[in-house]
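Biologist: I've got the sequence and the fold up on my screen, and I'd like to walk through it with you. Could we take it piece by piece?

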Amino acid sequence: IMNIQHSGVRWLIHINPHSPAFPWFCLNAGIAPLSLSAIPGLIKEAENQGFLDGKNIITANSDDGAKSSRLFLTNYICSEDSINGLKGKENGKTTVTYSEEDLQKVENKTVVFTEDIISTGGTMISSILQLLNRGHAQRIIILATYPIFADNALERLGYDPRIQIITTDGKV
């Protein structure tokens, strides 16, 4: 950002952002960011596959990373419910916790996550296990704008037929 700032650029188009911090750094550097998100395309694909049909849908996040995308989706599908997890670390592993009220909200519903990045899958696994096992969610749909799928993340996320991942290829 500093190199761009010193070059005299005053606006920047950033396609497929993987971090919500990028626009913040641009703004602090006096550069107006235009971030083109993959979320609308991911939502369209979820619609095409029938994942957003019906009224038993609730939107979710594992943390505040993709909060704006979650709120956009919540409004887009006219959902009244939305939940946001609290991310932390416990014994070196990522944990996500949801309130008892949030766990009750997901019972027998399809939970649609907007996620800015998936690397090892730790955050998503922590979220999914809680929502499926404790919250009794019916299905989990993950809309991931920037997948890395390090180690065995895809395998860890993909073995349960109740979990669907819709993502980009990480390329512009």
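Biologist: Let's start in the sheet. Which residues of β3 point one way and which the other, and are they buried or exposed?

Modeller: Keep in mind that this is a predicted model. Strand β3 covers residues 57-61, and five of its five residues are buried. I58 and A60 point to one side, while the other side has I57, T59 and N61, and the label for all of them is buried.

Biologist: Okay, and what is the order of the strands in the open sheet?

Modeller: β3 is joined to β4 (residues 82-84) by three bridges, and to β7 by four. Six bridges then link β7 to β8. With five strands in the open sheet and parallel pairing, the order reads β4-β3-β7-β8-β9.

Biologist: Which strands stand at the edges of that sheet?

Modeller: Look for strands with a single partner strand, because one side of such a strand is left without a neighbour in the sheet. The twist, by the way, averages 20° from one strand to the next. The edge strands are β4 and β9 (163-167).

Biologist: Back to the pairs: what is the bridge partner of A60 in β7?

Modeller: β3 and β7 run parallel, and I57 has T110 as its bridge partner in β7. For A60, the bridge partner in β7 is F113.

Biologist: You mentioned T110. Is T110 buried or exposed, and why?

Modeller: T110 belongs to strand β7, residues 110-115. Setting aside neighbours within four places in sequence, T110 contacts F51, N56, I57, I58, Q138, R139 and I141. Its relative accessibility is 10%, and buried means under 20%, so T110 counts as buried.

Biologist: And how many of the residues of β8 are buried?

Modeller: β8 runs from residue 139 to 144 and is largely enclosed by the rest of the structure. On its β7 side the two strands run parallel, and one of the bridges there pairs E115 with A144. Of the six residues in β8, the number buried is five.

Biologist: Now the helices. How are α3 and α4 oriented to each other?

Modeller: Two packed helices are described by the angle between their axes and the distance between the axes. For α3 (residues 39-48) and α4 (residues 67-76), the axes come within 11 Å and cross at roughly 45°. The crossing of α3 past α4 is right-handed. The two helices are therefore oblique.

Biologist: Which residues of α4 does α3 meet?

Modeller: From α3, the residues taking part are I39, I43 and E47. On the α4 side they meet S69, F72, L73 and Y76. By class, that contact has five nonpolar residues, one polar and one charged.

Technical notes:
Residues numbered from 1 in each chain as written. Predicted model: local features only at pLDDT ≥ 70, side-chain atom pairs only at ≥ 80, totals over all residues. Heavy atoms only, no water. Buried < 20%, exposed > 50% of the residue type's maximum accessible area, 1.4 Å probe, protein only. Contact = heavy atoms within 4.5 Å. Axes fitted to C-alpha atoms, helices over the stretch in contact; angles between N-to-C directions. Parallel < 35°, antiparallel > 145°, perpendicular 65-115°, else oblique. Left-handed = near helix turned anticlockwise from the far one by under 90°. Nonpolar A, V, L, I, M, F, W, Y, C, P; charged D, E, K, R; others polar. Pairing = 2+ DSSP bridges.
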